[in-house]
Amino acid sequence: MCRMLGLKDYDFQKHQDMLKNFFELAENGKTLPGDPPGHLDGWGIGFYKGGRARVHKSGRPVIEEKLEFFETCRRIRTSKILLIHFRKSAWEGTSKAIHAHPFSNGDILFTHNGTIRDFMDLRKEILSAPPPVESKDSEVYFHYVMSFAPLDLIKGFRRAVNHIRARYRYTSLTCLFTDGALLYGFREYTQYPWYYSLYYALDGETKIFSSQPISPDLHWKMLPKGRLLVF
C-alpha cells in the first residue's frame with residue numbers, strides 16, 4: 001500500500017510546489033479503515049540520468065528525512081521520467097530500504113499500490129531470474145511482469161496482470177512503471193476504490209499520475225478500473 005507520483009518531463013524548478021503537496025500525503029494521505037495514519041514505511045525516487053535508470057531509496061519514514069527527500073529531488077534537477085513512492089507496508093517488520101519502491105530491472109522502474117496475498121505461489125512461477133528470497137509481493141509482481149516483458153513491455157504486462165487476476169488473491173494491482181521513454185499508469189482493484197485510486201492530469205508539457213489530486217489548479221481525472229494509460 002502506498003502513495004505514488006509519476007511525472008513525465010520533470011523539472012525541479014517548475015515542480016517544487018507539486019512535490020511539496022505530494023509530500024503531505026506521507027502523513028495525511030488516505031488510508032484503509034483501521035489502519036494508522038501515514039505512509040511511513042520507507043520511500044524511494046526513481047529517475048533517469050544519461051538515459052540510464054537511477055534509484056534512491058530509504059527504509060525510514062520520509063517525514064524524518066524531509067531534507068534528504070527534497071535535496072534528492074533538487075539534485076536530480078531534470079529527468080524525462082520521475083517516480084516517487086511513499087510506502088505503507090502490509091507485512092510486519094519490512095520497513096527496510098530493500099523493500100522500498102521503485103524497483104528496477106535494467107532501465108525499467110516500477111511502483112505498486114496494493115497487496116497480493118498469496119505472492120509466494122506467484123514467486124514459484126518465475127522460472128528465470130527469480131526475485132531475491134526476501135522479496136515481498138510488490139517486488140514479486142514486478143519480477144513476474146518482467147518475465148514476460150522481453151517480448152513486449154505492454155503485451156507482457158497485460159499477460160502477467162491477466163494471469164494474476166485469474167488465479168491470485170489481491171487487493172490492488174495498481175502501479176506506475178516506465179522504460180525511460182514512456183510513463184505507464186495502470187489501475188486494478190478488488191475493493192476500496194477510493195483508496196486504490198490513480199489520477200492523471202496535464203500541466204503544460206508535463207504529464208502526471210498521482211494516487212490523489214495534489215495541485216488544485218490542475219484538472220484531475222480518475223483512471224478507470226482495468227485501464228492502462230500511456231504517456
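## Terms and model

Two residues are in contact when heavy atoms of theirs lie within 4.5 Å. The structure described here is a predicted model.

## Helix α6

Helix α6 runs over residues 153–167. At the start of the helix, a side-chain oxygen of aspartate 152 comes to within 3.1 Å of the backbone nitrogen of isoleucine 154.

Which residues of α6 are buried? They are Leu153, Gly156, Phe157, Ala160, Val161, His163 and Ile164. These residues cover an arc of only 160° around the axis and therefore lie on the same side of α6. An α-helix has 3.6 residues a turn, so residues three or four places apart point the same way. On the other side of α6, Lys155, Arg159 and Ala166 are exposed. The cover over the buried residues of α6 includes the strands β6 (108–113), β7 (174–178), β8 (183–186) and β12 (228–230), together with the helices α4 (119–124) and α5 (137–148).

## Helix α1

Helix α1 comprises the 12 residues 12–23. Its end C-alpha atoms are only 14 Å apart, short of the 16 Å that a straight helix would reach at 1.5 Å a residue. The buried residues of α1 are Phe12, His15, Met18, Leu19, Phe22 and Phe23. Seen down the axis, they fall within an arc of 140°, so they line one face of α1.

Among the elements that cover these buried residues are β1 (2–11), α2 (25–28), α3 (66–76), β4, β9 (199–203) and β10 (206–210). At the start of α1, a side-chain oxygen of aspartate 11 reaches to within 3.0 Å of the backbone nitrogen of glutamine 13.

## Arginine 87

Arginine 87 belongs to strand β4, which covers residues 78–87. This residue is buried but has no salt bridge. The nearest side chain of opposite charge is that of aspartate 41, 5.7 Å away.

A polar contact of 3.2 Å joins the side chains of arginine 87 and serine 89. Apart from neighbours within four places in sequence, the residues in contact with arginine 87 include Met1, Cys2, His39, Asp41, Thr94, His99 and His101.

## Salt bridges

How many salt bridges does the structure hold? There are nine. One of them joins the side chains of arginine 60 and glutamate 65, at 3.6 Å from N to O. Arginine 60 counts as partly exposed because its relative accessibility is 44%, whereas glutamate 65 is buried at 13%. Arg60, Glu64 and Glu65 are linked in a network of salt bridges.

Aspartate 118 forms a salt bridge with arginine 169, with the closest N and O atoms 3.9 Å apart. This pair links distant parts of the chain, 51 residues apart: aspartate 118 is in the loop between β6 and α4, and arginine 169 is in the loop between α6 and β7. Aspartate 118 is buried, with a relative accessible area of 14%, while arginine 169 is exposed at 53% relative accessibility. A further salt bridge joins glutamate 188 and lysine 225, whose closest N and O atoms are 2.6 Å apart. Glutamate 188 lies in the loop between β8 and β9, and lysine 225 in the loop between β11 (221–222) and β12, 37 residues apart. At 3% relative accessibility, glutamate 188 counts as buried; lysine 225, at 45%, is partly exposed.

Terms used: Residues numbered from 1 in each chain as written. Predicted model: local features only at pLDDT ≥ 70, side-chain atom pairs only at ≥ 80, totals over all residues. Heavy atoms only, no water. Helix = DSSP H or I, 4+ residues; strand = E, 2+ residues; numbered from the N terminus. Expected span 1.5 Å × (residues − 1). Buried < 20%, exposed > 50% of the residue type's maximum accessible area, 1.4 Å probe, protein only. Arc of directions from axis to C-beta. Polar contact = N/O pair within 3.5 Å; in protein donor to acceptor, adjacent residues only side chain to side chain. Lys, Arg positive; Asp, Glu negative; His and termini not counted. Salt bridge = Lys/Arg side-chain N within 4 Å of Asp/Glu carboxyl O.
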